[in-house]
Amino acid sequence: MSAPVERRPAELLAEARDMPDGEARTAELERVAALAEATGDPGTALAAWSELVEAQVRGGQRWRLFEPVRRCLEAARRPHRPEDGTPLARPDAETLRRYQRYAVEALLGTPRVGIDQARSVLDDLDDPADTGSALVAQLRCRIADHLGDEPTARHWLRRWQAADPDPAAGCPDCLPVRQAELLAGWGDWAEAIALVAPLLDGPLGCTAQPEAALTGALLPWLRAGAAQQAAQAHVRAYRRHRVAPEGFDHLATHLRYCALGGHLDRGLAILVEQLPRLDQPHEDLAVMEFAAAGALVCTLAAEEDGDRIVPRPAYQGRPAGTVPVAALGADLLAVATELAGSFDARNGTGHQSGRMAAWLAERPLAAPVPLPAEEPDEADEGFFSGAPDPAGEEELAALSVGMITAALDRRGDRYALDSAGTVRGRWGEAVIQFRRAGERGEVLHARVVADRRLPADRRAEAYAFCNGWNRDRLLPKAYVHDPGDGELVLAGEVATDLAYGVAPAQVTVLVEAAVRTGVAYAEAVAALP
């Protein structure tokens with residue numbers, strides 16, 4: 001019996017990339033990265049650690065970022081030898097700095113990260129020769145605010161606002177919202193509103209806008225007496241945050257608006273609707289704030305009617321049923337209190353517990369104003385609905401699963417849609433899948449797999465074919481995948497960054513191009529001798 005052929009780390013990495021996100025994929029990426037380092041292949045190690053960083057960000061587990069970020073930085077500093085097969089994509093210097101930002105931001109999102117850990121990464125980012133770093137100033141400002149040191153946070157905010165833009169610091173349209181949230185937390189309502197105002201009427205440069213900006217101005221408008229503007233902002237922004245994955249981070253603000261604006265029935269409806277999302281991975285800070293804001297809504301509702309009963313959907317192992325609103329509020333208060341205590345124990349301050357207590361002590365600011373009428377929206381059909389988006393064919397909006405399925409519907413194609421929002425279909429010799437990728441789901445990723453497989457002993461021929469395709473054709477990017485069953489899979493992929501929004505008509509063009517080129521690729525594979 002012949003000895004098993006030892007597989008290269010690059011081949012194993014290609015296989016791991018094809019796995020769905022989850023613990024099994026995480027473990028395999030860690031194994032491949034360690035194997036690549038042990039066999040002297042820092043290029044593949046860097047690519048594997050980078051893939052792991054992106055997976056943890058997508059999965060809402062930033063507290064697990066420190067080790068892969070550290071290993072990314074170490075691998076990037078080693079010389080890379082040329083790869084035998086298709087070159088691996090490796091993060092550039094700007095991407096590595098962005099990874100360092102992710103690691104520091106993990107401190108703000110969970111108490112499972114040590115302060116010294118985050119500060120060591122931040123110190124590594126801080127170049128003494130660069131006194132105007134927007135990235136470092138931003139992170140030092142946010143850490144000081146998280147610890148309750150407002151004077152230091154204000155100092156770094158001024159430095160942050162005066163610094164030159166830094167691509168690694170984050171989306172330029174989201175940063176003013178972040179600054180407005182800091183100012184609102186300090187009671188500077190007018191300044192917070194002024195910061196987000198340019199994002200409300202100008203051209204959209206970010207798929208999270210204008211909803212994130214509207215939410216940032218929501219409570220400042222309410223406190224400044226602009227109740228009607230606040231009502232309009234809430235209805236418009238919640239229409240998206242109700243279903244968008246990144247919307248969970250904004251739900252606490254919507255719940256607090258309902259409590260302070262006197263819309264308790266709506267607040268309870270939102271709370272009951274959103275409770276099941278606690279079963280999904282989220283940052284601990286977002287869970288704490290959601291629970292505290294929900295507890296406030298329940299407290300005010302119980303003060304109006306102590307016997308009120310609400311439906312409670314199944315979540316976190318709790319069965320569905322009906323419960324007194326006061327009991328639901330008590331459960332949520334316990335969650336918020338425990339998490340705040342964990343943050344404070346790590347931080348050595350009482351700031352987070354005090355902040356949550358201040359939220360719970362708030363009461364309505366004025367009589368409620370009528371809310372604008374709801375408009376039809378994809379949220380009413382469910383996030384994974386195949387219904388077309390409400391945006392016009394030429395109107396820019398955030399990429400959604402509905403846009404992808406609507407494009408396929410217009411073509412008359414048959415497809416399947418799974419619970420993760422991945423769309424799969426067959427076109428001739430090709431199986432093609434579409435999914436949203438990226439930190440905010442802003443990347444349209446298409447992957448084609450050819451039906452025809454080649455025996456494993458034709459590996460050199462398979463690599464030559466893919467290299468020739470990549471040299472002569474624009475799309476898709478071709479590569480060889482070895483699942484270890486004696487046959488080689490020839491696959492390809494196309495990724496299009498749509499961070500600045502996309503019109504449904506453009507999605508149709510992109511989907512059609514992916515199908516056309518994917519079919520051509522699969523047919524070329526089928527035509528191989």
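So, on the helix 1 side, Pro9, Ala10, Leu13 and Arg17 touch Thr44, Ala47, Ala48 and Glu51 of helix 3. Contact here is heavy atoms within 4.5 Å, and helices are DSSP runs of H or I with at least four residues, strands are E runs of at least two, both numbered from the N terminus. Sorted by class, the residues where helix 1 meets helix 3 come out as 5 nonpolar, 1 polar and 2 charged. For the classes, Ala, Val, Leu, Ile, Met, Phe, Trp, Tyr, Cys and Pro are nonpolar, Asp, Glu, Lys and Arg are charged, and the others, Gly among them, are polar.

Before I go on, this is a predicted model: local features need pLDDT of at least 70, side-chain atom pairs need 80 or more, and totals for chains, interfaces and linings use all residues. Residues are numbered from 1 along each chain as its sequence is written, and side-chain values use heavy atoms, with hydrogens and water left out.

Back to the geometry. Helix 1 is residues 9-17, helix 3 is residues 42-58, and they pack at about 15° with axes 10 Å apart. The axes are lines fitted to C-alpha atoms, for helices over the stretch in contact, with angles from 0 to 180 degrees between N-to-C directions. So helix 1 is roughly parallel to helix 3; the cut-offs are under 35 degrees for roughly parallel and over 145 for roughly antiparallel.

How enclosed is helix 1? Largely, because 7 of its 9 residues are buried, meaning under 20% relative accessible area with a 1.4 Å probe, protein chains only. Those buried ones are Pro9, Ala10, Glu11, Leu12, Leu13, Ala14 and Ala16. Their cover includes helix 2 (23-38), helix 3, helix 19 (459-472) and strand 7 (477-481).

Next pair. Helix 4 (residues 66-76) and helix 5 (residues 93-109) have axes that come within 9 Å and cross at roughly 155°, which means helix 4 runs roughly antiparallel to helix 5. Here Phe66, Val69, Cys72, Leu73 and Ala76 of helix 4 meet Leu96, Tyr99, Gln100, Ala103 and Ala106 of helix 5. That contact has 9 nonpolar residues, 1 polar and no charged ones.

Last, cysteines. How many disulfides does a search of the whole structure find? It finds 0, taking a disulfide as two cysteine sulfur atoms within 2.5 Å. Cysteine 141 counts as buried because its relative accessibility is 0%, and cysteine 171 is buried too, at 18%.

Conventions. Parallel < 35°, antiparallel > 145°, perpendicular 65-115°, else oblique. Buried < 20%, exposed > 50% of the residue type's maximum accessible area, 1.4 Å probe, protein only.
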